[in-house]
Amino acid sequence: MIKNITTTLLLLSINIFSFGQHLTQTGEVAPEHPRLVLMIILDNVTNQQLQLVRNRLSSDGFNRIMGMGTQVVDAYYDAGGNYTGKNLASLYTGAPAATHGIVGEQWIDNFSNRRMHAIYGDAYTMPSGKLDTAAVCGNSQLLCSTIGNEIRKMYNQKSKIFTVGLHPDNLMWCSGTRVSEPVICFNTKTGEMEPQNISNDSTLQWIRDFNSKRMQDIYLDKIWAPTHDILTYHASKYFPDADKKAFYHSMRPTVSAGSDKYAHLAGSPYGNILVRDFATALMLMEDLGKDEIPDMLTLEFSTTPSVAPKQQPLDAESEDLLIQLDLSIASLLKVIDQNIGMHNTLVVVTAASGGHDLQSTTSEHWANMGVVSMRRASALLNLYLIALYGQAPYIRNYAPGAIYIDRKVAEERHVSFDSLLTLSADFLAQVKGIERAIAGKDLEKINNEQPIVNMLRRNYHPKRSGDILIYLQPGWAEELDDGSQMQQIWAQEQVPLCFYGWRIPHKILYEPHPMTDVAPTLSTFIGVSKPNACSGTALPIVDK
């Protein structure tokens, strides 16, 4: 009887101890909330691509995170466009584009009729229509709060929130509206890590010290070659038309002086190493994760080669980027182990895009079926409306996947605006390459649950989206004004998503989850409110 009482008291004491504390897989006591949230964002990779190369990776990088953490194997961004900023805005706000307002890389403001850029605002010069080279990027176009906003609000601006990476389009979405968090972006002209929204003198000084080492100039003399035998790469094994010769890419671009001298670094292993080294310095110099106030660091790495267009779904350069990036991730985790503690750190690995980005290839399986130009489609539509209603500029403007009709002209010509929209949509649907054209204001009235209609609803913002929304037939691309082509992505973008560290168990979630579920999950873990327009649901990772 005494033995049973003793055993019961022992179990009770263990339960009482465990109520407020949690032992990690390594036996360390994890705090109630993570002290550092490390977001690792890959610019463009699918879960399938990452799984294909896992057997070639070390045990200390991606395999450590995926093998010991929680994987969400069917995480996806909403379909509708190919702008990574739209995806990342959804990631950090937990809301679709219809709410956060980033409907694409550019759109037409319905009040001013000015062309707006997602991170540069109305910095288009007229009449050239090109972005002002002096424009400063920012996140003022985002219409709702993010997880970064909510952390800072809860802790009275005491949390340290930084974003570091290679591409400005991928760096503006953590901090949200009205609060400009520190962003450090690689400058392809100077090769330096360029700070923005930082006023702290000590922070600016160590950034200057880091840049003064001029590591980018050492990398500029490097040749990027395969880590392994080229014949062992996926493209060589499965694509007969792939080049079986090993690639050798100089980091010095063959362009005139004064251009983006360091552009090749941004899509190479050396650019990722530079971000890794800067992130290490930042964690140590800023004492991230050292107190009970949660900090957040977002790191954006490149998995898209800048030296050559992709020829296969997993070409040799992309595979090698992942192999070498894995070593950088492993060294980052080691720094956290030694200086912060993985039990204090929540690591999230995902991607900004999982789209098919095959720009040019000799394979007929991947070639575009054709191209559609919104500029030409707008001109053709205006001629059609002139034939019906008389001479007038009925088309106000156009943007990728959208055409804007001029309501004022319709009123002056005594033409029903609704009739104008219906006729325009019907006409555009007959253009070769266009699958369907829908009046944006009719989306809520369409009584069907077709996936494409629901997708358009989640991406339609009445003050920013076009009056006529256009999606192309599969395999067709949109031709932009500069002559380049843009693939429209109408399938959901599956991306890797994995949580590791802190109290995260080893688990695999097979159910589909939208990426809008990440922000409420982080809010729950960190112990702050969800972003103010969040519609996602926390993932079932940590058991109650």
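Biologist: In this predicted model, what makes the crossing of α7 and α10 right-handed?

Modeller: A crossing is called right-handed if the near helix is turned clockwise from the far one by less than a right angle. α7 passes α10 in that sense, so the crossing is right-handed.

Biologist: How do you describe the packing of α7 with α10, by angle and distance?

Modeller: The axes of α7 (residues 201–212) and α10 (residues 269–285) come within 11 Å, and they cross at roughly 150 degrees.

Biologist: Which residues make the contact?

Modeller: α7 gives W206, I207 and F210. From α10 come L274, D277, F278, A281, L282 and M285. They count as contacts because heavy atoms lie within 4.5 Å.

Biologist: How many of these residues are nonpolar, polar or charged?

Modeller: Eight are nonpolar, none is polar and one is charged. Asp counts as charged, so D277 is the charged residue.

Biologist: Why is the space lined by N47, L50 and M66, among others, called a cavity?

Modeller: A 1.4 Å probe fits there but cannot get out, and that is why the term applies. The space in this largest cavity is about 60 Å³. Other lining residues include V349, P496 and C498. α2 (47–52), β4 (70–72) and β23 (497–501) each give two or more residues to the lining.

Biologist: What is the lining of the largest cavity by class?

Modeller: It has eight nonpolar and two polar residues, with no charged ones.

How values were computed: Residues numbered from 1 in each chain as written. Predicted model: local features only at pLDDT ≥ 70, side-chain atom pairs only at ≥ 80, totals over all residues. Heavy atoms only, no water. 1 Å grid on protein atoms, 1.4 Å probe; cavity = no way out; pocket = protein on both sides within 12 Å on 5 of 7 lines; lining within 4 Å. Points joined across faces, edges and corners; volume = space filled by probe spheres on them. Helix = DSSP H or I, 4+ residues; strand = E, 2+ residues; numbered from the N terminus. Axes fitted to C-alpha atoms, helices over the stretch in contact; angles between N-to-C directions.
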